[in-house]
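Me: Let's read a structure together. Please take me through its charged pairs and its core.

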Amino acid sequence: VRISESLAKMQLQLNVTESHVREAIRLFNVSTVDAAHSGIVDSIVFTPEQREEFTQIELQLKRRLAVGASMSEKKLIDDLMRFGFTEQSLRRSLVFLTQQGDMEHRRERRVIYRRR
């Protein structure tokens with residue numbers, strides 16, 4: 001509600017319209033919900049089993065996405081889930097690779113770009 005009201009005020013309108021509400025919901029989803037679902041933490045600790053799985057995921061990611069290339073995060077995760085990885089482990093690995101600087105999120109976290 002507050003974001004919708006702020007959007008209306010920014011457009012110098014006295015009343016909130018449906019488009020303000022839709023935009024407020026979109027902004028909330030992009031900023032808050034995506035951050036919560038991505039499992040972002042300051043540091044990620046891997047068990048030995050997770051480290052092995054991460055190594056396999058990293059290998060598949062690098063085979064699938066060349067340096068300088070980008071792909072929809074959803075498509076990339078769907079493709080790699082066919083190898084038997086869970087969505088949670090894939091997202092955790094993407095977060096780790098992003099923190100290392102190998103990957104980068106673009107377009108409101110919908111696209112993964114491989115930096116190196």
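**Charged pairs and core**

Reply: Arg-64 counts as partly exposed, at 35% relative accessibility. Partly exposed lies between buried (under 20% relative accessible area) and exposed (over 50%), with a 1.4 Å probe and protein chains only. This is a predicted model: local features need pLDDT of at least 70, side-chain atom pairs count only at pLDDT 80 or more, and totals for chains, interfaces and linings use all residues. Residues are numbered from 1 along each chain as its sequence is written, and side-chain values use heavy atoms, without hydrogens and water.

Me: Which residue forms a salt bridge with Arg-64?

Reply: Side chains of opposite charge can pair when their charged atoms come close. The cut-off here: a side-chain nitrogen of Lys or Arg within 4 Å of a carboxyl oxygen of Asp or Glu. Arg-64 pairs with Asp-79, the closest N and O atoms being 2.4 Å apart. The pair links helix H3 (Arg-64) to helix H4 (Asp-79), 15 residues apart. Helices are DSSP runs (H or I, at least four residues), numbered from the N terminus.

Me: Is Asp-79 buried or exposed?

Reply: Buried, at 8% relative accessibility. Asp-79 also meets Arg-82 in a salt bridge (3.3 Å, N to O). Arg-82 is exposed, at 69%.

Me: How many residues are in the largest nonpolar core?

Reply: A nonpolar core joins buried Ala, Val, Leu, Ile, Met, Phe, Trp, Tyr and Cys residues through side-chain atoms within 4.5 Å. The largest has 16 residues; Leu-61 is one of those touching the most other members. H5 gives the most to this core, with four residues.

Technical notes:
Helices (H or I, at least four residues) and strands (E, at least two) are DSSP runs, numbered from the N terminus.
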